[in-house]
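Hi everyone, thanks for coming.

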2 protein chains.
Amino acid sequence: MAANSRLTIAVHALTWMALSERRGRQVLTSGQVAASVRTNPVVIRRSLGDLRQAGLVAVRHGAGAGWSLARPPQEITLLDVYAAVEREPLFALHHSEPNLECPVGRGIRPALGRFYGDVDRALRRELAGTSIADVLDQTLETGE
Amino acid sequence: MAANSRLTIAVHALTWMALSERRGRQVLTSGQVAASVRTNPVVIRRSLGDLRQAGLVAVRHGAGAGWSLARPPQEITLLDVYAAVEREPLFALHHSEPNLECPVGRGIRPALGRFYGDVDRALRRELAGTSIADVLDQTLETGE
DNA sequence: GCTAGCTGTAACAGATGCTGTTACAGCTAG
DNA sequence: CTAGCTGTAACAGCATCTGTTACAGCTAGC
């Protein structure tokens, strides 16, 4: 698949917000975030909208509006971000139902569902081990 | 993303080939595999072509042609299949280069690359723990 | 109140990938 | 020689992603 970059965009936004917060600027507009990611502000608003629904960021409307982190960066894990922005399962099952007259066609979907569930759990366990604060630290180590 | 089902198709094909082998039929045509998956034979030939390049199946041309497993089913893991059919990385980085004048834009790609690498390794470790023989056993348990 | 400035969202275009299909050349057992 | 299958190109339909424009809705601060 042309793997989507939603997780990357969301993590980039949060990391930049965490650094700004550390520097004393609590609120960023979608345009300011977009300038770091180099994309359109609407793309950022869509991404931050997902994160807001998950309770990871807060938004303020009206004049002087903008976005801020709803939790300290060390309490936002990559799993939180993944769960907020990714809706499709990792591996899809058959698009159309297999041949149920074949024993493999009958039994393979529940079997694969179990194995895919195990893989998904391993993936999430790994994602849960890293926070936005970790990403920021690693980023600054390389970036300056 | 509309998650692709390539892994599912390939595992289904291999599982069906493993069962046929166990029943004494060593060689299957793409049409016979397609009948179990309920798709077009060309889709199966594309999938089995990937598996052949990875050395997991063998093909015979000419009259009486068809496909057979190149290794016993307990020695083909889901990781082998995943590596054979999936070319894109799990998570994509930015499509266009982020703003290099921002410390986050400068450092986030190598940082994310490392974290994504960890996740990829965890995924592969999990996939390596299951073989086609395991899938077949689980499938038959449900299917008949 | 007004207004400036930002958010939320719809709508659309272009690119890409996946599935499914048709068509056809190439190969080989018998 | 021929029947029957593989390998592959080409195409259609569909979905998704990114990027973009446009515009209504909200509110701090004057």
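Quick definition before we start: two residues are in contact if their C-beta atoms, placed from the backbone, lie within 7 Å. Helices (H or I, at least four residues) and strands (E, at least two) are DSSP runs, numbered from the N terminus. This is a predicted model, where local features need pLDDT of at least 70, side-chain atom pairs count only at pLDDT 80 or more, and totals for chains, interfaces and linings use all residues. Residues are numbered from 1 along each chain as its sequence is written, while chains are lettered from A and ligands numbered from 1 in the order in which they are written.

Okay, two helices in chain A. From α2(A), A:S30, A:G31, A:V33, A:A34 and A:V37 meet A:P41, A:I44, A:R45 and A:L48 of α3(A). Sorted by type, that contact has six nonpolar residues, two polar and one charged (Ala, Val, Leu, Ile, Met, Phe, Trp, Tyr, Cys and Pro count as nonpolar, Asp, Glu, Lys and Arg as charged, the others, Gly among them, as polar).

Next, A:V59, which sits in strand β1 of chain A, residues 57-60. Leaving out residues up to four places away in sequence, A:V59 touches A:R52 and A:W67.

Finally, the two chains: 55 residues of chain B are in contact with 56 residues of chain A. On chain B's side, α5(B) gives the largest share, 17 residues.
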